[in-house]
Amino acid sequence: MSGRRAKTAAIAGDGGAIAPSKSQRAYDLLHDRIVDGTYSPGYRLVLDAIGRELDMSVVPVREAIRRLEAEGMITFERNIGARVAEIDELEYHDTMETLSLVEGAAVMLAAGLYSKSDVDEARAINAQMRESLAAFDPVQFTALNEAFHRRLTDVCHNEVLGDVIDNGWKRLARLRQSTFSFVPSRAISSVDEHDAILALIEEGADPRSIELAVRAHRLATPDAFLHRKRPAAP
């Protein structure tokens, strides 16, 4: 269960934690199933069925759905009901394109600042990503992927650039926490590309070359996603 989400943690009078509310339980279930791809874009959510599964009325389920609608993960249409929101392909592509530019710039500016410890920590995260491929969990992989990228960009001293990068990651999380759910084949290539970027940093390559490698790497995933959604015409 994602640590990003706020959890209900009221404290009982005797010091024990009260269980999450029914609305929170419904929210957690729906959120996790949307994120991990169990409920794919366009999937229709039947409130009665969800309520029966959780042994509750539709009222807390409806409250959970309203929260998810406010977060952009669910859409609600009259006479149709609640559905998992479709990915806004244009916004996703534009966000990834922006991240490719600003992350490339951040790593370029940090090129001469990386310590052995910085590189070792990034390499350790990438090793975890490679190990996770055997029992692939797109949500876990995406969390590790973000940790890897942030480890590299955090070395950059430009705080304004860092804020832009942070906002980009937050926007991606709102759009869909794991695009790797839709293009799992990108995971192996992504890990290999991370190794190549780290090798460039270690060998003291030209900062511009490192920047271009980061940009190409960041653009490869949206390109794979859009290709999947729009197969070539016969």
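Visitor: In what sense do β1 and strand β3 pair, and over how many bridges?

Guide: β1 pairs with strand β3, residues 81–84, in the antiparallel sense over two bridges; strands are DSSP runs of E, at least two residues long, numbered from the N terminus, as helices are (H or I, at least four), and two strands pair if DSSP finds at least two bridges between them. This is a predicted model, where local features need pLDDT of at least 70, side-chain atom pairs count only at pLDDT 80 or more, and totals for chains, interfaces and linings use all residues. Residues are numbered from 1 along each chain as its sequence is written, and side-chain values use heavy atoms, leaving out hydrogens and water.

Visitor: What's the order of the open sheet, and which are the edge strands?

Guide: The three strands run in the order β1-β3-β2 with antiparallel pairing, and the edge strands, each pairing on one side only, are β1 (44–45) and β2 (74–77).

Visitor: And which residue does R44 stand opposite?

Guide: R44 stands opposite R83, which belongs to β3.

Visitor: Switching to rings, how many aromatic pairs are there in the whole structure?

Guide: A search finds two, where rings of Phe, Tyr and Trp (its six-membered ring) pair if their centres lie within 6.5 Å, and planes under 30 degrees apart count as stacked, over 60 as edge-to-face and the rest as tilted. The pair Y39 and Y43 is stacked, because the ring centres are 4.5 Å apart and the planes lie at 10°.

Visitor: Is Y39 buried or exposed?

Guide: Y39 counts as buried because its relative accessibility is 7%, whereas Y43, at 37%, counts as partly exposed; buried means under 20% relative accessible area, exposed over 50%, and partly exposed in between, with a 1.4 Å probe and protein chains only.
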